[in-house]
Amino acid sequence: MSLGIVLEETMSGWIHFSGEQSDHPFAFTIRAFTPRIFSLSAPRHFRGVVRVAGVEVPCEGVLTIRPTGPRYE
């Protein structure tokens with residue numbers, strides 16, 4: 001077992017693709033973890049789901065929290 005911090009985040013809105021006339025609903029839900037509990041800016045590996053126009057796709061990457069806002073890679 002590992003001690004750490006888990007961050008769960010959900011964001012939703014609309015996305016517009018070039019060449020299309022309308023917007024599409026967009027949302028993602030992720031769960032990010034780091035064992036570095038005293039470092040807010042520590043990179044956190046995340047996994048989750050992205051939903052665009054009714055299609056769900058698994059996603060994963062690295063979340064880093066910065067003073068200017070979150071960075072997803």
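The structure is a predicted model, and in it the protein has five strands and zero helices. Read along the sequence, these elements follow the pattern β-β-β-β-β. The radius of gyration is 15 Å, well over the 11 Å that the globule rule gives for 73 residues, so the protein is more spread out than a compact globule.

**Overall form and surface**

- Along its principal axes, the C-alpha trace of the protein spans about 45 × 30 × 15 Å.
- Of the 73 residues in the protein, 19% are buried, and the protein exposes about 5500 Å², with carbon and sulfur atoms supplying 59% of that area.
- When contacts between residues at least 6 apart in sequence are considered, 32% of them join residues that are at least 24 apart.

**Charges and salt bridges**

- Side chains of opposite charge can pair when their charged atoms come close, and a search of the whole structure finds two salt bridges.
- One of these salt bridges joins the side chains of Arg31 and Glu8, with a distance of 2.4 Å from N to O. Arg31 lies in strand β2 (residues 24-34) and Glu8 lies in strand β1 (residues 5-15), so this pair ties together parts of the protein that are 23 residues apart in sequence.
- Within that pair, Arg31 counts as partly exposed at 48% relative accessibility, whereas Glu8 is exposed, with a relative accessible area of 58%.
- Another salt bridge is formed by Glu73 with Arg71, whose closest N and O atoms are 3.3 Å apart. Here Glu73 counts as exposed at 52% relative accessibility, while Arg71, at 39%, counts as partly exposed.

**A buried arginine without a salt bridge**

- Arg44 lies in strand β3, which covers residues 44-52, and this residue is buried yet has no salt bridge.

- Ala27 lies in strand β2 and is buried, with a relative accessible area of 13%.
- The C-alpha atoms of Ala27 and Val52 are separated by 6.7 Å, although these residues are 25 residues apart along the chain.
- Apart from neighbours within four places in sequence, Ala27 is in contact with Met11, Ser12, Val49, Val50 and Arg51.
- Cys59 has its place in strand β4, which covers residues 55-66, and its C-alpha atom is separated by 5.5 Å from that of Val49, a residue ten residues apart from Cys59 along the chain.
- Not counting residues up to four places away in sequence, Cys59 touches Ile30, Phe46, Arg47, Gly48, Val49 and Val50.
- Val49 and Val50 are listed among the contacts of Ala27, and they are also listed among those of Cys59.

Notes:
Residues are numbered from 1 along each chain as its sequence is written. This is a predicted model: local features need pLDDT of at least 70, side-chain atom pairs count only at pLDDT 80 or more; totals for chains, interfaces and linings use all residues. Side-chain values use heavy atoms; hydrogens and water are left out. Helices (H or I, at least four residues) and strands (E, at least two) are DSSP runs, numbered from the N terminus. Buried means under 20% relative accessible area, exposed over 50%, partly exposed in between (1.4 Å probe, protein chains only). Lys and Arg count as positive and Asp and Glu as negative; His and the chain ends are not counted. A salt bridge is a side-chain nitrogen of Lys or Arg within 4 Å of a carboxyl oxygen of Asp or Glu. The radius of gyration is taken over C-alpha atoms; the globule rule is 2.2 Å times the number of residues to the power 0.38. Contact means heavy atoms within 4.5 Å. Accessible areas come from the Shrake-Rupley method with a 1.4 Å probe; for residues, only the protein chains shown count as cover.
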